[in-house]
Amino acid sequence: MRLRADPGREPGRVRLPAATRAESRRITKALGALGFVLPGTLAQRRTRCGNPGCKCHADPPQLHGPYWWWTRKVGAKTVTRLLTDEQAADYQDWFDNARRARQLLAELEALSLGVVDTDPRSARRPGGRKPAAAADSPRSAAP
Ligand SMILES: [Zn+2]
């Protein structure tokens, strides 16, 4: 069995500043500490039923609920499930964890993109155009 590489280690020939390696370790450590994650959103909603004689159709209407609605995308469909107050309280952290995971992943992607952008081998692009950073630097250096 191979040992898992230190996520902050320099991958092969890519040279990383110590600060970049430390940032990578901070993010992956935070991701690893998250635990369970639930997709979608949890919101409280009041509803109207299908019975026209019900108080929810009266004037003024007395809507049912509030209920906890958990909605998430499954493929192209939005799936809704009702949760009890107790479930909503128990799972709230898992929704928060999912949001945090998305933030951390976005940070890790930005950090990784920065590494590629500053890699001297990234000078070549399709069509022979110079990368924006290299094209911009003489302009930004000019007074
Ligand atoms: Zn009703």
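Visitor: Glad to be here! What makes up the secondary structure of the protein chain?

Guide: Welcome! The chain comes to three helices and three strands, and along the sequence they follow the pattern α-β-β-β-α-α.

Visitor: How do you know how far the prediction can be trusted, in terms of pLDDT?

Guide: The average pLDDT of the protein chain is 85, and 80% of the residues score at least 70. Residues 134-143 are another matter, as pLDDT stays under 50 there and the model has two contacts beyond four places in sequence for them. Where pLDDT is low, the predicted coordinates should not be read in detail.

Visitor: Let's turn to the sheet. What makes β1 and β2 a pair?

Guide: Pairing takes at least two bridges, and β1 and β2 (residues 64-74) have six, in the antiparallel sense. Because six meets that cut-off, the two strands count as paired.

Visitor: Why are β1 and β3 said to stand at the edges?

Guide: The open sheet has the order β1-β2-β3 with antiparallel pairing. β1 (41-47) and β3 (77-83) each have a single partner strand, so one side of each is left without a neighbour in the sheet. On average, neighbouring strands of this sheet are turned by 40 degrees against each other, direction ignored.

Visitor: Why is β1 said to lie largely in the open?

Guide: A residue needs 20 or more other C-beta atoms within 10 Å to be buried. Of the seven residues of β1, zero are buried, so the strand lies largely in the open.

Visitor: Why is T78 called exposed?

Guide: T78 is found in strand β3 and has 10 other C-beta atoms within 10 Å. The cut-off for exposed is 12 or fewer, so T78 qualifies. Not counting residues up to four places away in sequence, T78 touches T71 and K73.

Visitor: Then why is V37 called partly exposed?

Guide: V37 sits in the loop between α1 (18-32) and β1. It has 15 C-beta neighbours inside 10 Å. Exposed would need 12 or fewer and buried 20 or more, so V37 falls in between and counts as partly exposed.

Visitor: Which residues is V37 in contact with, leaving aside its neighbours within four places in sequence?

Guide: V37 is in contact with W94, N97, A98 and A101. V37 and A98 are 61 residues apart in sequence, yet 4.7 Å apart in space, C-alpha to C-alpha.

Visitor: Where does helix α2 lie?

Guide: Helix α2 (residues 85-118) lies across β1, β2 and β3, and runs at about 130 degrees to β3.

Visitor: How do you know that its span is close to what is expected?

Guide: α2 has 34 residues and reaches 50 Å from its first C-alpha to its last, which is close to the 50 Å expected at 1.5 Å a residue. There is also a bend of about 40 degrees in α2 at Y91.

Conventions: Residues numbered from 1 in each chain as written. Predicted model: local features only at pLDDT ≥ 70, side-chain atom pairs only at ≥ 80, totals over all residues. Helix = DSSP H or I, 4+ residues; strand = E, 2+ residues; numbered from the N terminus. Axes fitted to C-alpha atoms, helices over the stretch in contact; angles between N-to-C directions. Contact = placed C-beta atoms within 7 Å. Expected span 1.5 Å × (residues − 1). Bend = angle between axes of the 7 residues up to and from the residue. pLDDT = per-residue confidence, 0-100.
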